[in-house]
Amino acid sequence: MSATFCAMLVLVVVLFFGAAEFCSGRNTSFSCIEREREALLKFKLCFHDPLHMLSSWKGNNCCEWKGVDCDKNSGYVVTLQLRGSISYQQPRLYLIDNVDKVVSSLLKLRYLEHLDLSGNNFNGNLIPPSFGLMKQLRYLNLSDVQFTGRIPGELGNLTRVRVLDLSQYYYGRSTVDDDIQWISRLSSLQQLDMSGVNLSHASSNLFQVLGMLSSLSWLSFSNCNLKYSHLLSRNHPLNFTFFGNIQHFDISLNSFNGPLPIFLQNMTSLTFLDMSGVNLNLGSSNLFQVLGMLPSLSWLSLSNCSLENSHLPSRSHPLNFTFLGNIQHFDLSLNFFQGPISIFLQNMTSLIFLSLFNNQLSGSIPNSIGQLSKLENIVLFGNQLSGSIPDSIGQLSKLESIDLSENQLSGSIPNSIGQLSKLKIIALSSNQLSGSIPSSIGQLSKLEGIDFHGNQLSGRIPDSIGQLSKSESIYLSSNQLSGSIPDSIGQLSKSESIDLSGNQLSGSIPDSIGQLSKLESIDLSSNQLSGSIPDSIGQLSKLESIDISGNQLSGIIPDSIGRLSKLESIYLSSNPFGIGFPKWLLLQKTINHN
């Protein structure tokens, strides 16, 4: 073997492993700066870390620590991604030291550009003005960190910041701001979220201030106690050119009443608009005409806006139907619209999410709904819809959830529903549906929840229901179902809650019920079940509640029920059991029994 060949072989091996190292996302050619490692360790000492989010923060190379990213050339820390829990009930980090020490340690990271501390607990401290010294930041997220008090104007020194999130979605409006002039100095700002910040005392030139930010394209002021004077003020004329750049605009859940702000028609780049919870019932008869001027709009929520039919298109205010063809998310729920649902479905060929619940819509669901081929979610509960569910519903191949409950729908559940292969949730409760449950429902392999309660369904529960292996809840109560409970019910391995009460079910409780290892609640009351309680019921280790009252069960209450350590309530009344309550049950003070 020649020396040249060996050298080439070595080079290939080196290049191979180097490429593998690069593709794996690891880079060991640098390590972090020692003074920055020490600063991060001081930062760590400021917090209680019950979920061990910072458990990897040990060793010499802080660039390998979780949540820390370094510049690949210099080794300086450029990113701290320490987002806590998205649930306010369990933040990941709890401040146990002075908040100023936190910022002091962060200031030693001189090249830090991205800082996310959202979802952690800062124990009601004030936002330290020293955050304004971190002038190299381009991204700052302090959402839901339980800061209180006034937002310091020193944040206006962050002239490089592009994304600023100070929202308080979970902890209410504890952070207030009366002087908003500092925002105008954020010359690089592209996205601003101050949702949940109390702006009720902010000066009325809010949007004049925002108009100074030429790069701003994303705005969220949800639940900020804004008044109509914050939107329009004679004393503070608006820069309408600024509105042409806005793509995301959320002013939902505020307290102002009035017509649509006139500047909306200038938002020609707008793709997202949320004004839900805003009373628009004053002078907004040209609502959809104004919306029709927004050619890029794809996400629209006007839920709970006190809207009624007078706001819909008319001869005096015709609609630009091209606008509807772009809409993907359409939410007009919790309003006062009347009449047929078809008026909302014209030309909406891009629709993915449709929510019109809790209106006063009537008439039938049109067959044309099957043409909305991109539809994934339908929420129409709480209306006065009548007639049958159209067979064309089976054409919605992308549908993941449908809720038609609390209407006046009649007829049978169409067999075509079995074609909805992506369906996860189906709710048809509190209607007047009759006929049997189609066996095609067993084809819905992704189904996680069924709610058919409160109808007039009859016939047997199909054996195919056992094929719904991902179903977590099944509610078929208050119908006229008959026959026996199918043995296949034992195949519902993920079911947590089953309610078959208020039917005409007969026969025995299947022994297979003991296979439902995740079951927490089962209600078989008010049927015509007979025979004895199967001993296998003692295998339901997670069971908390069982109701089999109002049947014709007999025999002995099995001692195996005594092994159910999580059982909190058991209802056995109105059954002809041969003996009284077993002694072990009478001694259970923690169990409610009847």
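Which residue forms a salt bridge with Asp97? In this predicted model, the partner turns out to be Lys101, and the closest N and O atoms of the two are 3.5 Å apart. Asp97 is partly exposed, with a relative accessibility of 31%. Lys101 is partly exposed too, at a relative accessible area of 47%.

This pair belongs to a set of three salt bridges in the structure. Side chains of opposite charge can pair when their charged atoms come close. Arg37 has a relative accessible area of 15%, so it counts as buried, the cut-off being under 20%. Glu34, on the other hand, reaches 37% and is therefore partly exposed.

Then there is the bridge between Asp116 and Arg83, with 3.0 Å between the closest N and O atoms. Asp116 sits in strand 5 (residues 114-116), while Arg83 is in the loop between strand 3 (77-81) and strand 4 (94-95), so this bridge ties together parts of the chain that are 33 residues apart in sequence. As for accessibility, Asp116 is buried, its relative accessible area being 0%. Arg83 comes out at 37%, which makes it partly exposed.

Aromatic rings make up the other part of the picture, with 13 aromatic pairs in the structure. Take Phe357 and Phe381: their ring centres are 4.6 Å apart and their planes meet at 15°, so the two rings are stacked. The angle is what settles the matter, because planes under 30 degrees apart count as stacked. This pair links distant parts of the chain. Phe357 belongs to the loop between strand 17 (353-355) and strand 18 (360-363), whereas Phe381 belongs to the loop between strand 19 (377-379) and strand 20 (384-387). Phe357 and Phe381 are both buried.

Elsewhere, ring pairs join up into a cluster. Its members are Phe43, Phe47, Trp57, Trp65, Phe122 and Phe147.

Terms used. Residues are numbered from 1 along each chain as its sequence is written. This is a predicted model: local features need pLDDT of at least 70, side-chain atom pairs count only at pLDDT 80 or more; totals for chains, interfaces and linings use all residues. Side-chain values use heavy atoms; hydrogens and water are left out. Rings of Phe, Tyr and Trp (its six-membered ring) pair if their centres lie within 6.5 Å; planes under 30 degrees apart count as stacked, over 60 as edge-to-face and the rest as tilted. Helices (H or I, at least four residues) and strands (E, at least two) are DSSP runs, numbered from the N terminus. Buried means under 20% relative accessible area, exposed over 50%, partly exposed in between (1.4 Å probe, protein chains only). A salt bridge is a side-chain nitrogen of Lys or Arg within 4 Å of a carboxyl oxygen of Asp or Glu.
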